[in-house]
Amino acid sequence: MKTFRHLTVAQVTLIFCSAFTPLFLRAQSQPAADFIIHNAKIWTVDKNHPTAEAVAVLGERIVAVGSNGEIDAWRATRTRVIDASGKLLLPGFNDSHVHFVDGGRSLASVQLNDATSAQEFARRIGEQVKQTPKGEWVTGGDWDETKWTPAVMPSKELIDPFSPDTPIFVSRYDGHMGLANSVVLRLAGITAQTPDPPGGVIARDAQGNPTGALKDAAMDYVFKIAPPLSHDERMRAVKRALAHAASVGVTSVQHMNPEYADIAIYSELLERGELTTRIYAAPLIPGVDDQIKIGVRHAFGGPFLRIGALKAYADGSLGSATAYFFDPFDKQPNNHGILSDEMHPLSLMQDRMMRADAAGLQLCTHAIGDQGISIILDLYTEVVKAHGERDRRFRIEHAQHMVAKDFDRFAQLHVIASMQPYHAIDDGRWAEGRIGHDRASRTYAFRTFLNHGVRLAFGTDWNVAPLNPMFGLYAAVTRATLDGKNPNGWFPEQKLTVAEAVEAYTMGSAYAEFQEKEKGSITPGKLADMVLLNDDIFTIDPVKIRDVKVTTTFVGGKIVWDGAQKSGQ
Ligand SMILES: [Zn+2]
């Protein structure tokens, strides 16, 4: 009976409206399950009972987890029985950092990320221009010039020939730089005379003319004049994103910097019962007063849609050399990065954080460079000093490059490190060339964080990286860079075990959104969000984890993805 856990009838009655309960009661007062998954290898991520064979689900919740025999007690004629044939069942993945609508849009926009040369990059944009109706923009792309031979920064001359009238603004994959063609520069009024905005850079040629590349806040010149997404376009993007999330086993996402119109789409789909991924939305901190006025606090809402968090920006990114470091970038003695426009002046950010915290809102701050992170820890310290200790779950998004002394501060302030392991094997290709060996040794320092008692929440930053959690688990466990040059791991001492990586991606992310009592593990009483995999990531060669597929995704007790059905088996 060691692994047998189930709710008492009294508890079930508490969970399910008492009006329904009598329908489920059987002779021995045991309610029947809607469905049972048996013959599974279950990794529960529940420390008290890590493994099991079977699970029973009633309504949207898990009611029992145990051996095949124990769970059979929940079976009645109406109970659907799913034979897992020994396959691995995990809690659904919770991606703690996505840009869900951008992700949905990227599924249908020009794909530039795997281009291997500037010519190929330009050719694909030319193709997209041909398919784009007159007047519409070509956007997205996720280009990465470090994958080109030679690796050169692109300029508008590459793409101007294809597009005398079509506005083109394609983003670098990290979202911290975009390339505009001459049409867009003209529409945005960017000329040699335009000054760099605070927190941004307009790249210029030797004569001082804009090259088309715009970094961080300089992209705002374009965002200001770009036409907003129509309701239909946004709805299409969200539907694509939901379908994609289900297919890769992502049952919850935490949407960083959504537009309010995105939340409106989620509400609409929620009302229609069509949300198949649970969403926690963290709009940008300049809008802090909106949530304060409504009076919502952290994690306000229901199981499918919550708000009450704020996304802030401390700095830029490593790839764009805009992450804010104490010391300069290697070979760029005059550049140690830039603080974001939200940090000019620092008192502006401090004031917003203070007001957000006083209102009970959660802070999720993007900070990548070591000094950017340090400054945010300073600000968080000030908040605690002003308002006292409380379970507020500060987050730092990315937490990419740490100075050694800050790991302890991170732990003392109970800051959650919301990290994206895929970035480690991506940036790991070239990070040492930008910041040197010593700083690189504290980059994506998963193990050091855990050793200091810091909680990890894992995600992807989709569409910056692919949404598929298998890539993230693979990255955390192998740290094998995408270029194949570190097969035994880039700074291998920072590798995690499969169990640790899965925990960060489920319970860790649930904790980061105040939902650890509702989801994150396969535990009686929790929401029935689970995934069946086609292979056992705990026993296969870790190199193969990236090839593992989700065969079935359950959200709230409903099947939202059935891989077998999709492939016509
Ligand atoms: Zn992001």
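Buried, on this tour, means under 20% relative accessible area, with exposed over 50% and partly exposed in between (1.4 Å probe, protein chains only). The model is predicted, so local features need pLDDT of at least 70 and side-chain atom pairs count only at pLDDT 80 or more, while totals for chains, interfaces and linings use all residues. Residues are numbered from 1 along each chain as its sequence is written, and side-chain values use heavy atoms, with hydrogens and water left out.

**Stop 1: the zinc ion.** Select the zinc ion and you'll find His97 (NE2), His99 (NE2) and Asp461 (OD) coordinating it at 2.1 Å. Donors here are N, O and S atoms within 2.8 Å of the metal (3.2 Å for Na, K and Ca); water is not among the atoms, so sites may look incomplete. Along the sequence the donors follow the spacing H-x1-H-x361-D. His99 sits in the loop between strand S9 (93–98) and helix H4 (100–106), and Asp461 in the loop between strand S23 (456–458) and helix H18 (469–478), so the pair ties together parts that are 362 residues apart in sequence. (Helices, H or I with at least four residues, and strands, E with at least two, are DSSP runs numbered from the N terminus.)

Are these two buried or exposed? His99 counts as buried at 8% relative accessibility, and so does Asp461 at 6%.

**Stop 2: helix H12.** Now select residues 346–358. Following H12, look for Gly360, with a positive phi near 80°.

**Stop 3: the cavity.** A search of the whole structure turns up 1 cavity of 30 Å³ or more. A cavity is a set of points, on a 1 Å grid over the protein atoms alone, where a 1.4 Å probe fits but cannot get out; lining residues have an atom within 4 Å of a point. The largest cavity has a volume of about 60 Å³, the space filled by probe spheres set on the points, which are joined across faces, edges and corners. To find the largest cavity, select lining residues including Pro91, Asn94, Thr251, Lys519 and Asp529.

Terms used
1 Å grid on protein atoms, 1.4 Å probe; cavity = no way out; pocket = protein on both sides within 12 Å on 5 of 7 lines; lining within 4 Å.
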